[in-house]
Amino acid sequence: LLVESGGGLVQPGGSLRLSCVVSGFELSTSEMAWVRQAPGKGLEWVSSFRNDIANAYHADSVRGRFIISIDSAKNTMYLQMNSLQFDDTGVYYCAKGCNMRTMDCDVWGQGTQVTVSS
């Protein structure tokens, strides 16, 4: 089970931190991702790691602004989002076991809305 939180309305240049609480499996040794969907567009991979948070990757569109991290003790994955831009608006999902080419994932959270607006 994956449960996201932390979305909201923020002005351009602002920050948000998304959380994804997981249950039923070991977070630190799993293949996890953050995926987003902008209004009227398809799913877009944002950030992910496989088996080890040290092996984290970020999409070019967010690299240097977003950081994926985990707290194993809390079974929680985070996405720290800084310098938010209008194009970052969308529903953000945490997901487990994703094929990044097809965006087919084994488990999805319910999503949390992020809106960047002035």
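Is W108 buried, partly exposed or exposed? W108 counts as partly exposed, at 31% relative accessibility. Buried means under 20% relative accessible area, exposed over 50%, and partly exposed in between (1.4 Å probe, protein chains only).

This is a predicted model: local features need pLDDT of at least 70, side-chain atom pairs count only at pLDDT 80 or more, and totals for chains, interfaces and linings use all residues. Residues are numbered from 1 along each chain as its sequence is written, and side-chain values use heavy atoms, without hydrogens and water.

**Aromatic contacts**

One aromatic pair turns up in a search of the whole structure. Y93 and W108 have ring centres 5.7 Å apart and planes at 85 degrees, so the pair is edge-to-face. Rings of Phe, Tyr and Trp (its six-membered ring) pair if their centres lie within 6.5 Å; planes under 30 degrees apart are stacked, over 60 edge-to-face, the rest tilted. The pair ties together parts that are 15 residues apart in sequence.

Strands (E, at least two residues) are DSSP runs, numbered from the N terminus.

**Nonpolar core**

The largest nonpolar core has 23 residues. W34, F66, M77, L79, M81 and Y92 touch the most other members. Strand 3 (16–22) is among the elements giving two or more residues. Strand 3 gives the most, with four residues. Such a core is a set of buried Ala, Val, Leu, Ile, Met, Phe, Trp, Tyr and Cys residues joined through side-chain atoms within 4.5 Å.
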